[in-house]
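Here are some friendly notes for a first look at this structure. Please keep the 3D view open while you read, and take the points in order.

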Amino acid sequence: MSTSWTVEIDSTIPAPRLFKAAFVDWHNLAPKVAPEKIVSAAPVSGEGAVGSIRQFNFAPGGPFSVVKERLDFIDIEKCEVKSTLVEGGGLGVHVESASTHVKVEPKAGGSVVKVTGYYKPLPGVNEAEETEQAKGTFTKVIKGCEAYLAANPDVYN
């Protein structure tokens, strides 16, 4: 049985700037924002269009060593993206499948990141724990990007 979760994360960064950093160029920014967790990242195939795949390599000691995600939809003007986990990240261990839909919307004083995650847990997996971990991860990514962008006002404009 598939399940879903949602989280909304407020940010002081304008929507287009945050979207570019946290979603369009995350494979380049992630090792700078979280070098203790993400040691490297790069496109595996494609050039950022629908169907492209990018890989994130994690530091030893984490819950997994690699994540590969496929871009299923992107609208840069509307700051919206959908992606699917295709390898790593608990696939085959905790979940049978996982995908996300993200929309970054303008808000007075910044933006709000609206994330909906969809996943099919494997038997015996604690769904509440998986959901909280996913929400926490997205919140850390956004807050890490927010801090980086606040400290580097000339990037991703």
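Which residues of H1 are buried?

1. Let us begin with that helix. The buried residues of H1 are Ala-15, Arg-17, Leu-18, Phe-19, Ala-21, Ala-22 and Phe-23. With seven of its ten residues buried, H1 is mostly covered. Please bear in mind that this is a predicted model.

2. Now for the record. UniProt, in an unreviewed entry, places the feature "domain: Bet v I/Major latex protein" at residues 2-152. In the model, that span is 28% helix and 44% strand, and its end C-alpha atoms lie 40 Å apart.

3. Helix H1 covers residues 15-24 and helix H2 covers residues 26-33; their axes are 6 Å apart, at an angle of about 85 degrees. The two helices are therefore roughly perpendicular to each other, since angles of 65 to 115 degrees count as such. On the H1 side, the contact is made by Ala-21, Ala-22, Phe-23 and Val-24, which meet Trp-26, His-27 and Leu-29 of H2. Sorted by class, this contact has six nonpolar residues, one polar residue and no charged ones.

4. H2 also packs against H3, the helix of residues 127-151. The axes of H2 and H3 cross at roughly 80 degrees and come within 10 Å. This pair, too, is therefore roughly perpendicular. From H2, the residues Trp-26, Leu-29, Lys-32 and Val-33 take part, and they meet Val-141, Gly-144, Cys-145 and Tyr-148 in H3. The residues of this contact divide into six nonpolar, one polar and one charged.

5. What are the residues with the most contacts inside the largest nonpolar core? They are Leu-18, Phe-23, Trp-26, Val-102, Val-104, Val-113 and Ile-142, in a core of 33 residues. H1 gives the largest share of this core, with six residues.

6. Is Ser-111 buried or exposed? Ser-111 has a relative accessible area of 1%, so it counts as buried, the limit being under 20%. Not counting residues up to four places away in sequence, Ser-111 touches a list of residues that includes Ile-9, Asp-10, Ser-11, Ile-13 and Pro-14, along with Leu-18 and Val-104. Ile-53, by contrast, is 58 residues away from Ser-111 along the chain, and the C-alpha atoms of the two are separated by 27 Å.

7. Glu-146 lies in helix H3 and is buried, at a relative accessible area of 12%. Setting aside residues up to four places away in sequence, Glu-146 touches Asp-10, Ser-11, Thr-12, Ile-13 and Leu-18.

8. Most residues other than glycine have a negative phi. Cys-79 is not a glycine, yet has a positive phi of about 55 degrees. Cys-79 sits in the loop between strand E4 (66-75) and strand E5 (80-88), and counts as buried at 5% relative accessibility. Tyr-156 also has a positive phi, near 60 degrees; this residue is in the segment after H3.

9. Finally, visit two loops. Where is Gly-90 found? Gly-90 is in the loop between E5 and strand E6 (95-107), and counts as buried at 11% relative accessibility. Apart from neighbours within four places in sequence, Gly-90 is in contact with Phe-64 and Val-95. Gly-90 and Pro-121 are 9.8 Å apart in space, C-alpha to C-alpha, and 31 residues apart in sequence. The other loop, between H2 and strand E2 (38-45), holds Pro-35. Pro-35 counts as partly exposed, at 45% relative accessibility.

Technical notes: Residues are numbered from 1 along each chain as its sequence is written. This is a predicted model: local features need pLDDT of at least 70, side-chain atom pairs count only at pLDDT 80 or more; totals for chains, interfaces and linings use all residues. Side-chain values use heavy atoms; hydrogens and water are left out. UniProt positions are given in the numbering used here, feature names are shortened, and annotations may be inferred rather than shown by experiment. Helices (H or I, at least four residues) and strands (E, at least two) are DSSP runs, numbered from the N terminus. Axes are lines fitted to C-alpha atoms, for helices over the stretch in contact, and angles run from 0 to 180 degrees between N-to-C directions. Angles under 35 degrees count as roughly parallel, over 145 as roughly antiparallel, 65 to 115 as roughly perpendicular and the rest as oblique. Contact means heavy atoms within 4.5 Å. Ala, Val, Leu, Ile, Met, Phe, Trp, Tyr, Cys and Pro count as nonpolar, Asp, Glu, Lys and Arg as charged, and the others, Gly among them, as polar. A nonpolar core is a set of buried Ala, Val, Leu, Ile, Met, Phe, Trp, Tyr and Cys residues joined through side-chain atoms within 4.5 Å. Buried means under 20% relative accessible area, exposed over 50%, partly exposed in between (1.4 Å probe, protein chains only).
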